[in-house]
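Open your viewer and get ready to select a few places one after another. Here is a short tour, stop by stop.

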Amino acid sequence: MKQLFLSFIVLFCCTIVQAKERVIELPAFDAWSSTSLEVQKVVLNDTATIVYIDAFYRPHNWIKIATGSYLQADGKKYEILSGVGMELDKEIWMPESGTYSFQMIFPPLPENTKTVDFSEGDVEGGFSIWGIHLDGKPASSSLAGKKNPKETPVLETPELKAGIATLKGHIAGYRPEMKLAGSTWTFNPITGNTDENSIKVDAQGNFKLELPLNHISIVGISANFMQAQVYLKPGETTTVEINFPEICRAQSKLQKDKPSLGEKYYFSGGLAALNNEICNGPLRALPVGINSQADYEQMFKDVAAMNIDQYKQYWLNRREKGIKELDKYPEISDAYRKILLMNADMETAQQLMGTYILEYAYRQINNIPRDSAATGFVQPEITAAYYDFIPEFIPNSPVALYCSDLTYIIRSLQYANLSGKPLPKDIKELPDNTADIAKLMGTNEGFLFDLIATQKLALPIQEFQPLTDDQLAEADKISPVIKNILTDMNNRLKLTIEENKKKSGYVVDRVNTADIPAEELFNAITTPYRGKVVFVDFWATWCGPCRMAMKQTEPVKKDYEGKDVVFLYLAAENSPKGAWEQMIPDIKGEHYRVTGEQWEYWGKKFGIQGVPSYMVVAKDGTPVHFQVGFMGVDKMKEMIDKELDK
């Protein structure tokens, strides 16, 4: 009887506990900073708040949850107590599936809490999820239910006309603590490069960009609130309302099947109809090119044993298969359909001109290092007939400005050996192949040839060599607009050169490298820094990722002022001397530009397979870390601090 009574008491107590426990399955959320963490459920009781997390990240890479992470509800913070399936500040290595589940334990929340935010605090790049709904309600958006007007975009013929294009934006659901930001990349066929600008969002969620453009241009936006390519026009203003809650819902693996909160973007003003269709539509590009690391690896397997004719047919087949994807989307406008087809054609042309990939794929599949002979690989014999795709796939018309690939394909054309004749092995500079291009195109006139000539004139400016009056006169023969564009670039360069003469904080060639053998050079360069930690950056002036990483690392140097840390920058002579001399005044540290032979030796010794590459050298001169690709500011500081503390 006593045992029965005790059992009843236990059951009664459990019932009370269960009654006080509240479980919210798949709670909706309003916004987040990363797609890596998703809330599977939240359990609330009198002793704790348990947040069940499903993590989605690249296999064999890691994530971690920082000490100091917290929930915030009604202005009060509840710091994390512990974890289940993870330890705070310790790497969680993702399994092959790319999915991992764990729990975060926080203090109990007040019983009537309706929404809660999760944040890793002030950790750079930390995870945040805002507006996790504990009341069972869906995510909210001020733009829910709004619709874009039904407008059919028309492709106007672009013209060269310099001016300022303005993009104004507002992020729905923005809060100041989100600290959202981003960058833009404008594809610039005048220079053959991309021009970068940053996006700064104010406390109300507004931003404004004023971009100098020379024609209707594609502007790539990369931000945690927007990943899209937008068309802007000089002299016009384009406005966009960004439905951030809907973007986050659509990105979510756990929430994507819940009802939509409206369209993602609402454009008005310049080129609005085209931007609304592209940014809200189901098809961003035809599946012709390579879009992921898995695609690259599969492509290497596919082409590694191919001859040149098979390689050509491989990409022609991919193009045909990609174009058939359009049949699934009959609602796509004629204007956007034309852009998609042009992009598919130019992507195919770009890949077909990249015949070097055959040897690269052969090396990858057969594990042959770059500095070893590719035994068994047969160099393809490429005839002039191979390039018969050029007039079909590369438009000789201003309408090509609607395609981002045009920026790079002009340069690829100039570097291609279109003659079908083998080039001398000791050649240092490729011959002008404009006549070969003209032979393929059946003319030597038109927009394509104007861009080729313009890029050749723009190249010295990018290498920090001002144009002469004679060169500017050549630009005038192309068009007065081109002359004005290049003259403006030239004048800005001259001003930069004068300003650079006044800058300090950088040192060039502390050690005379001219007569030092390659095998002794690195030691000779780093010997003056014994007793200090040396962070080495192997870079190149023409390397976009190098420059992007430098922008991130430059503010870090202030943290090490007065400490035993040296920032050492090493470039090879394939970085034009003029460009190198004018870029380094903005890169505080020690600088060297070495010969190709010296750089090649380092490549073999350290495994430099690309730039940027990085090394950390200990106080005694021993290299303790090397990697290709930027490790991020946090990891960089962690490695430097570790050696400093020794």
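Start by selecting glutamate 643, which is found in helix α18 (residues 633–644); helices are DSSP runs of H or I with at least four residues, numbered from the N terminus. Glutamate 643 has 6% relative accessibility, so it counts as buried (under 20% relative accessible area, with a 1.4 Å probe and protein chains only). Leaving out residues up to four places away in sequence, glutamate 643 touches Val533, Val616, Ala618, Lys619 and Val624, where contact means heavy atoms within 4.5 Å.

A word on what you are viewing: this is a predicted model, in which local features need pLDDT of at least 70, side-chain atom pairs count only at pLDDT 80 or more, and totals for chains, interfaces and linings use all residues. Residues are numbered from 1 along each chain as its sequence is written, and side-chain values use heavy atoms, with hydrogens and water left out.

Next, select helix α5 (residues 308–324) and helix α6 (residues 334–353), which pack at an angle of about 165° with their axes 10 Å apart. Axes are lines fitted to C-alpha atoms over the stretch in contact, and angles run from 0 to 180 degrees between N-to-C directions. That angle makes α5 roughly antiparallel to α6 (over 145 degrees). To see the contact, show Tyr311, Lys312, Trp315, Leu316, Arg319 and Ile323 of α5 with Leu341, Asp345, Thr348, Gln351 and Leu352 of α6.

Finally, select Phe522, Phe538, Trp599, Trp602, Phe606 and Phe626, which form one aromatic cluster; rings of Phe, Tyr and Trp (its six-membered ring) pair if their centres lie within 6.5 Å.

Methods. Helix = DSSP H or I, 4+ residues; strand = E, 2+ residues; numbered from the N terminus. Parallel < 35°, antiparallel > 145°, perpendicular 65-115°, else oblique. Buried < 20%, exposed > 50% of the residue type's maximum accessible area, 1.4 Å probe, protein only. Phe/Tyr/Trp six-rings, centres within 6.5 Å; stacked < 30°, edge-to-face > 60°.
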